[in-house]
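Dear colleague,

I am handing over the structure below, and after it I set out what was found when the atoms were examined. Please read the notes alongside the coordinates.

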Protein chains: 2
Amino acid sequence: MKQYSSEQLMKGIHAYIGSLAYARDPQGLYDPIEYVLDMGGKRLRPVLMLLAYNLYKEEVERIYPQAAAIETYHNFTLLHDDLMDKADVRRGRPTVHKKWNENTAILSGDAMLILSYRFMMDHCPAELLPQVMEVFGQTALEICEGQQWDMEFEQREEVTVDEYIEMIRLKTSVLLAGSLRIGALLGGASDEDAEWLYRFGVKMGLAFQLQDDYLDVYGDPATFGKKIGGDILCNKKTYLLITALQRAGQEDRHELQRWLSATDVRPEEKIAAVTALYNKVGVADCCRERIDAYYEEGLQCLDRVSVEETLKQPLKDYVCQLMDRQL
Amino acid sequence: MKQYSSEQLMKGIHAYIGSLAYARDPQGLYDPIEYVLDMGGKRLRPVLMLLAYNLYKEEVERIYPQAAAIETYHNFTLLHDDLMDKADVRRGRPTVHKKWNENTAILSGDAMLILSYRFMMDHCPAELLPQVMEVFGQTALEICEGQQWDMEFEQREEVTVDEYIEMIRLKTSVLLAGSLRIGALLGGASDEDAEWLYRFGVKMGLAFQLQDDYLDVYGDPATFGKKIGGDILCNKKTYLLITALQRAGQEDRHELQRWLSATDVRPEEKIAAVTALYNKVGVADCCRERIDAYYEEGLQCLDRVSVEETLKQPLKDYVCQLMDRQL
């Protein structure tokens, strides 16, 4: 069976998404959709779907519509999340509500969500359609729940580590996991295999998100892509902050809380002080350990998938590369 | 075959929607959805779907999930449209973005759209699923297009009658038509019957919307439900205004345009003056004629549906009642 590298699959799905002819009148509705889908990005979720499919079948082009669906859905969530978070820039370009306006962001986002359902159904084998749509619908709803928790946590005094992990599972992990499950189902995997691939995706998603939290503080500015300390400046309740507040002694906790409520401070000063507190309390090690644990647990799930080990190599290489690239 | 009246169907679907157990954590996401779906309303679209189904089959409860789906979808559009239009009240109660906030309106709306897809697939016979979902997806996208045109028309100097009719076809008619088509398909109708019912729905939707435009000016304040002249006060480009601008002589057009750009006028004065101009130019008759024409064309489409004439009576009674009730 022909096996594809993640690089090949990325190029293939990227070209397919670029060729989609969804655009029609009114342009005011469809131009922003094209703008968002053309921004690029790693196409992580479609690539995972295609890699999962390629464990069982080689005609990966057959599920390009479903891979495009998951990418369209993902970009819909970015569009509406950026509006809700009032984020003005995404991948170095103005977000839709800045380039156009808020109403355009709402309505074009709605149309993208509808388009993602249409792509998901496009050429989907009839016997698999109910199962595929069930996974997609459940995943889509969970992502809304994750975003809701995320917004509520911003307003809350206290968030536990468990609550935070559940939030990022919903907001980030289930879409990676759902992509893998849909790819597997379309490839003809057994329900057991599809379930192990789903769990693999959940664990890897948690590892990715915690690594993102970690790199915001401890990343190499040259390769991280964003400015170091952004989460600290906006008091984002990341794994690091939640753990620090939980582990710190009374004095350190009070100092941390003073920085959280401080106004009119120099950014570099706040980043340095909070990082120093993180170091003192030892949250970096906590975070690394948890990342490694999720990563290992993920690989153990992949071990349970009943296909030849050599076939799993591209998927292993891909997640390994994703984790290393950012470190 | 047992035949149901629209009244019976309305009660049935209303109770079913009230019993839906979609609500779960986080409450901040699902409470607004429950709030919107509990507001009630005529349940027009589900009733049309059930009436179409009942032309062919009698176990109407079988398609309650699909009927609930179309109502959920409709209420999703109201939720997001009210946010985009900055409308603060709907059916006498504060809209979601007023009672909660804008982000809640965005995210709960997204979740409603996803839920509507889940309901549409729920217990849908596998052999009909692709067709039903195709109609639903196409309809959903067209409604977004209609809303986009509507917002663009607000910013435009000139809108033709044809453009206006196409906008209300997309924004209003296709959902009534799609409800009828899905009901027919689920009932096992031929493609021809489903198409004639769809066309019937399009024409009736146009008649309803033009009647709404008409009643805003010429309705009986006691039964219309809204304040007379609301469209005139906000310069809404209705069929009446567009036709008046098109038919008026130079002098009358200039006077009409003066009222449109006038600021700081007494509401009653503006309503009286614009209504007088409408009367002078004869737009009321134009509008009535067009309503009657769409209504008649709709009934002719219904005539082409190949079921016994007596079976069509509840559907005829229903649209007749909808048109009369408001006059």
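Over all chains, a search of the whole structure finds 31 salt bridges, a salt bridge being a side-chain nitrogen of Lys or Arg within 4 Å of a carboxyl oxygen of Asp or Glu. Before going further, please note that this is a predicted model, in which local features need pLDDT of at least 70 and side-chain atom pairs count only at pLDDT 80 or more, whereas totals for chains, interfaces and linings use all residues. Residues are numbered from 1 along each chain as its sequence is written, chains are lettered from A and ligands numbered from 1 in the order in which they are written, and side-chain values use heavy atoms, with hydrogens and water left out.

Salt bridges

One of these pairs joins the side chains of Glu166(A) and Arg169(A), with an N to O distance of 2.9 Å. Both residues belong to helix α8 (residues 161-187) of chain A, where they are three residues apart, about one turn of the helix; helices (H or I, at least four residues) and strands (E, at least two) are DSSP runs, numbered from the N terminus. Glu166(A) counts as partly exposed because its relative accessibility is 34%, and Arg169(A) is likewise partly exposed, with a relative accessible area of 23%. For these terms, buried means under 20% relative accessible area, exposed over 50%, and partly exposed in between (1.4 Å probe, protein chains only).

In another pair of chain A, Lys312(A) forms a salt bridge with Glu309(A), and the closest N and O atoms are 2.7 Å apart. Here Lys312(A) is buried, at a relative accessible area of 0%, while Glu309(A) is partly exposed, at 41%. Chain A also holds a network of salt bridges that links Arg181(A), Glu195(A) and Arg199(A).

In chain B, the side chains of Arg156(B) and Glu163(B) meet in a salt bridge of 2.7 Å, N to O. Arg156(B) is partly exposed at 28% relative accessibility, and Glu163(B) is partly exposed at 29%.

Backbone

Arg43(A) is found in the loop between α2 (27-37) and α3 (44-53) and is buried, with a relative accessible area of 3%. Lys86(A), by contrast, lies in the loop between α4 (64-85) and β1 (89-90) and is exposed, with a relative accessible area of 57%.

In chain B, a cis peptide bond joins Asp25(B) and Pro26(B), with omega about -5 degrees, and Pro26(B) is placed in the loop between α1 (6-19) and α2 (27-37).

Helix packing

Helix α3 (residues 44-53) of chain B packs against helix α8 (residues 161-187) of chain B at an angle of about 35 degrees, with the axes 7 Å apart; axes are lines fitted to C-alpha atoms, for helices over the stretch in contact, and angles run from 0 to 180 degrees between N-to-C directions. Residues in this contact (heavy atoms within 4.5 Å) include Leu48(B) and Met49(B) of α3(B), and Leu176(B) and Leu180(B) of α8(B). The residues of the contact divide into 11 nonpolar, three polar and one charged, where Ala, Val, Leu, Ile, Met, Phe, Trp, Tyr, Cys and Pro count as nonpolar, Asp, Glu, Lys and Arg as charged, and the others, Gly among them, as polar.
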